[in-house]
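I opened this notebook to record what I looked up in the model. The entries follow the order in which I consulted the structure.

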Amino acid sequence: MKKLKNWDNKTWLSSNAYISSFNSFLLKKKKLNKNSKILDIGCGRGKIFGSLSRKLKLNNKPIGIDPVNHKDVDKSIDFRNEDIFKFFKNNQNKFDLIMIKQTLHLINKEKRSKLIKTCKNSLKKKGVLLIFSLNTLNNEIPCFKIMKQKLNRGLKRDSRMLKSASKILKDNKIDRFKFKVSITKNKYTQMLKQKYISCLINLSKSQIIKGIDELKYVYSNKIIFKDTLICIKYKN
């Protein structure tokens with residue numbers, strides 16, 4: 001799995017407004033209570049499920065798995081810096097909710113179907129698996145030229161990936177989560193330097209600096225757009 005370190009490091013994705021809106025969306029997809037067991041694959045710093053744990057006063061800490069050993073993980077989750085398949089090999093739990101948020105495309109193609117099937121088999125009766133990915137059509141993420149080229153290639157791959165996932169998860173339902181982002185150009189520039197999105201991972205520092213210069217002439221001091229995610233819901 002590729003390592004994406006800064007997607008939730010002081011970005012709109014880690015803001016209270018985003019987390020609150022996202023968790024409201026989650027709870028419409030799956031009703032949870034204090035006894036629910038939930039798992040986040042590719043959790044980052046665990047802010048989403050950490051907030052949800054406090055909101056619901058969960059008796060069982062949510063489990064969060066991430067390939068990056070973050071030092072500032074939310075204290076309300078049980079963070080695991082380990083291989084996902086090693087986790088499932090040793091896991092004895094069944095889950096009410098498993099979430100794979102903007103992570104599936106970072107996993108080796110040959111392992112994706114295995115992971116989806118493993119998650120499916122790890123759900124409780126009436127348990128729910130949610131897979132989130134960037135909207136593949138008319139995506140509004142602010143980009144410079146080479147970033148846009150890489151993003152578009154990635155979105156074409158993601159479209160194929162989601163079709164493949166849908167074939168495995170029969171009787172799934174498709175929905176979209178939308179969040180209106182309002183961010184200063186200076187703040188977004190810092191996010192670009194931190195490589196907050198996977199299409200930036202393999203770009204050099206000079207390519208990013210050049211791209212930032214491009215954006216100065218495209219956007220005003222305030223950047224406003226919709227961050228839209230496709231959601232595949234499967235209920236056991």
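Entry 1, an asparagine. I looked up asparagine 152 and found 34% relative accessibility, so asparagine 152 counts as partly exposed. The classes I use are buried for under 20% relative accessible area, exposed for over 50%, and partly exposed in between, with a 1.4 Å probe and protein chains only. Asparagine 152 has its place in helix H5 (residues 145-168). I take helices (H or I, at least four residues) and strands (E, at least two) as DSSP runs, numbered from the N terminus. I also noted that the C-alpha atoms of asparagine 152 and asparagine 139 are separated by 8.9 Å, the two residues being 13 apart along the chain.

The model is predicted: local features need pLDDT of at least 70, side-chain atom pairs count only at pLDDT 80 or more, and totals for chains, interfaces and linings use all residues. Residues are numbered from 1 along each chain as its sequence is written, and side-chain values use heavy atoms, with hydrogens and water left out.

Why is strand E4 (residues 95-101) largely enclosed by the rest of the structure? I found that seven of its seven residues are buried, so E4 is largely enclosed. I count two strands as paired if DSSP finds at least two bridges between them. Strand E1 (residues 38-41) pairs with E4 in the parallel sense over four bridges, and aspartate 40 has methionine 99 in E4 as its bridge partner. E4 also pairs with strand E5 (residues 123-134), in the parallel sense and over six bridges. On that side, leucine 97 has valine 128 in E5 as its bridge partner, while methionine 99 stands opposite leucine 130. E5 is itself mostly covered, with nine of its twelve residues buried.

Which loop holds glutamine 102? I located glutamine 102 in the loop between E4 and helix H4 (109-121). Its phi is positive, about 50°, although glutamine 102 is not a glycine. Aspartate 171, also not a glycine, has a positive phi of about 60°. I located aspartate 171 in the loop between H5 and strand E6 (173-184). With a relative accessible area of 76%, aspartate 171 is exposed.
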